[in-house]
Amino acid sequence: MSSLVYCTAQFKPRPGRDAELFAKLQSLEPNTLREDGCVQYRVTRQVSSPFADGESYPIVFHEIWQDMNAFEQHCQRREITEFFSRYCEAPDGLAQAWNVCVYSDAADEPA
């Protein structure tokens with residue numbers, strides 16, 4: 001059974017703030033990749049394809065963590081809490097909306 005934790009963090013930028021939000025999210029990558037338990041941490045932008053026409057926020061972090069403890073430690077880092085406070089929760093933040101979810105590849109995990 002795997003202990004890996006997969007996180008998908010989606011962000012919807014405020015109008016006209018796409019590039020600025022993407023750059024701020026990119027700036028989180030170097031320090032996070034050095035964290036204990038970080039397997040993958042990459043911010044991406046949605047691209048068009050006739051084979052993938054689902055709906056999503058246009059900026060998405062794809063994260064893989066060694067286990068739930070590593071993920072939760074990451075979430076509590078000052079750099080991360082300050083990002084959400086300043087760029088997501090603040091009335092003048094760069095993100096209009098966001099959605100963060102975690103997943104497991106273990107078959108016996110409760111939903």
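The structure is a predicted model, in which local features need pLDDT of at least 70 and side-chain atom pairs count only at pLDDT 80 or more, whereas totals for chains, interfaces and linings use all residues. Residues are numbered from 1 along each chain as its sequence is written, and side-chain values use heavy atoms, with hydrogens and water left out.

Although Ser56 and Gln10 lie 46 residues apart along the chain, their C-alpha atoms are separated by 7.5 Å. When residues up to four places away in sequence are not counted, Ser56 touches Gln10 and Gln46, contact being taken as heavy atoms within 4.5 Å. With a relative accessible area of 32%, Ser56 is partly exposed, a class that falls between buried (under 20%) and exposed (over 50%), as computed with a 1.4 Å probe on protein chains only.

A disulfide is a covalent bond between the sulfur atoms of two cysteines, and it is identified here as a pair of cysteine sulfur atoms within 2.5 Å. A search of the whole structure finds zero disulfides. Cys38 is in no disulfide, the nearest cysteine sulfur, that of Cys7, being 11 Å away. Cys38 counts as buried because its relative accessibility is 15%. The sulfur of Cys88 is too far for a bond, because the closest cysteine sulfur, in Cys75, is 12 Å away, and Cys88 counts as buried at 3% relative accessibility.
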